[in-house]
Amino acid sequence: MTKQKQAAQSRTSRPPVGRGEVRMRAFAYLTGITVGLVDGVLAIHIWSAGFTHAVALFIAALSLPSLLSAILTPRLSEHIGRRIPNCVGAVTLAAGSLVIASTCAVAVGSDGTGTGVVVSYCIGYALLGLGYGALWSLLPRTAHELSLRGHARLVPRANSLLGVGGGVGIALGFVHGVGPLLPSVTLVGFSLALLIAASLLPESPAWYASKGREVDAFLALKSLHGALEASVEIDHVRLDAEMAREQHPLRLRDVAIPQVRSALLTALALVCVQEAPLVVAIIIFTPALLAGVGAAGWMQLTFAAGVVLIALATLTAVSRVGAHRFLRASLGSVGAVLSSMIGVAVFSVNGEIGPVAMLIVALLMMAAQRIWIYPACHGAIDPRIPPWLVTWQRQSVITLNVVARTFALILGGVTVFLPGGVALGVYFGLQCIALILLLVRLPHEYAE
């Protein structure tokens with residue numbers, strides 16, 4: 001009864017949604033869908049080209065720039081603000097998708113494996129990686145600094161929409177049948193819409209305050225939330241600015257603090273558990289794997305529809321997640337283990353895994369990670385670290401998520417080239433390790 005009263009009070013204490021909050025939500029949701037479309041473009045490209053050596057180049061061209069951008073963009077935003085990097089990230093996504101669409105249109109009728117064509121595709125994916133890294137590394141900070149206190153879980157909602165973009169991209173590419181042409185053109189449109197949404201947002205009030213420009217900070221708040229809310233929120237912004245001046249990076253003597261060590265290990269464990277099902281790899285490689293085992297066209301469309309439906313279910317889950325986080329994460333991890341076990345069992349009996357079994361296992365794995373594991377793990381633990389490390393910890397977790405997602409894509413790319421039985425065994429072992437890590441590492445208070 002007490003928890004129900006607290007939940008009711010939390011709902012009634014949330015600030016009203018104004019025009020500024022609508023703009024912020026539109027930017028966040030568009031970011032999730034647009035980044036998800038990048039997965040759809042690559043998935044259809046691999047589906048149409050097959051598992052050639054060029055696929056490794058495409059993955060590297062996408063992954064390495066995204067890591068570089070995720071590391072450098074937050075540091076750059078301390079000097080030039082948040083608005084410019086967000087706009088540049090959207091422009092970079094539009095440019096990369098335009099390069100891929102143009103290359104695909106020119107290469108129609110050829111085998112698409114010429115050196116010039118592959119280099120052009122790699123340039124396009126490198127631009128997509130730069131834009132993805134910039135936008136995804138800044139989204140949590142942008143949402144935190146532009147939203148009113150009380151509006152929570154905006155970033156998890158945006159993250160849940162990755163599957164919408166991925167599923168739509170796969171469906172468009174499969175129906176069109178000309179490689180990544182139509183998904184890339186769609187990505188151009190969404191990137192331009194994201195650019196408009198980013199340009200309609202003001203500069204971060206917290207960034208203005210950190211530069212001593214409190215008048216500009218108040219005007220930014222006023223343009224977002226109105227004069228009344230801005231008059232209250234400006235005090236929080238000043239407090240954040242004062243706190244930011246006391247921040248510093250992690251040092252060796254900080255690691256000697258038990259709470260800091262525990263927080264770092266727990267954050268690392270959570271990210272590993274979240275990404276262990278390799279969902280990004282499932283989205284990108286499943287269409288090609290289904291084609292390799294002779295799947296019918298309706299199965300490809302069923303997979304795309306399943307990805308979208310799971311994303312919408314995840315959106316509901318992250319919006320309502322509350323108590324029993326440890327139970328949710330544990331059930332999701334057990335579901336991932338059982339799903340991968342089904343694949344191993346089918347392969348052991350038949351010597352291969354058919355299209356129906358592959359489709360079912362892929363969707364079950366996605367559902368376990370997205371609906372159960374991710375909402376329970378994301379932002380669930382209070383790190384209990386000293387106040388002077390709060391900013392460092394937040395940014396490190398953001399960067400770590402980008403790194404983990406990229407590593408999941410690379411690991412998935414390596415796995416699909418292994419023999420079927422070995423690949424399924426590796427995948428099953430990975431899920432077991434994640435479950436053990438979840439049960440052993442997470443602190444007792446997380447389960448309460």
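Predicted model: local features only at pLDDT ≥ 70, side-chain atom pairs only at ≥ 80, totals over all residues.

Colleague: Which residues is R405 in contact with, leaving aside its neighbours within four places in sequence?

Modeller: D39, Y132, L162, E275 and V280.

Colleague: How do I read a salt bridge, and what does R405 pair with?

Modeller: Look for a side-chain nitrogen of Lys or Arg within 4 Å of a carboxyl oxygen of Asp or Glu. Here R405 meets D39, at 2.5 Å from N to O. D39 belongs to helix α2 and R405 to helix α18, so the pair ties together parts 366 residues apart in sequence. Both D39 and R405 are buried.

Colleague: How many salt bridges does the count come to?

Modeller: Seven. Take R238 and E214, whose closest N and O atoms are 2.9 Å apart. R238 is in helix α11 (residues 227–245) and E214 in helix α10 (residues 214–225), so this pair ties together parts 24 residues apart in sequence.

Colleague: Are R238 and E214 buried or partly exposed?

Modeller: R238 is partly exposed at 31% relative accessibility. E214 is partly exposed too, at 38%. Salt bridges can also share partners: E78, R82, R141 and E145 are joined into one network this way. Within it, E78 bridges to R82, with the closest N and O atoms 4.0 Å apart. E78 counts as partly exposed at 33%, whereas R82 counts as buried at 5%.

Colleague: Back to helix α2, residues 19–49, where F27 is found. Is F27 buried or exposed?

Modeller: Buried, with a relative accessible area of 1%. Leaving aside neighbours within four places in sequence, its contacts are N86, L135, L139, T142, L194, A197, A198 and L201. Compare sequence and space for one of them. F27 and N86 are 59 residues apart in sequence, and 9.8 Å apart from C-alpha to C-alpha.

Colleague: Now pockets. What is the volume of the second largest pocket, and which residues lie nearest its centre?

Modeller: The volume is about 630 Å³. Of the 27 lining residues, L289, M358, V416, A423 and L424 lie nearest the centre. The elements giving two or more residues to this lining are α14 (279–292), α16 (325–350), α17 (355–377), α18 and α19 (420–441).

Colleague: Which element gives the most to that lining?

Modeller: α14, with seven residues.

Note on methods: Residues numbered from 1 in each chain as written. Heavy atoms only, no water. Contact = heavy atoms within 4.5 Å. Helix = DSSP H or I, 4+ residues; strand = E, 2+ residues; numbered from the N terminus. Buried < 20%, exposed > 50% of the residue type's maximum accessible area, 1.4 Å probe, protein only. 1 Å grid on protein atoms, 1.4 Å probe; cavity = no way out; pocket = protein on both sides within 12 Å on 5 of 7 lines; lining within 4 Å. Points joined across faces, edges and corners; volume = space filled by probe spheres on them.
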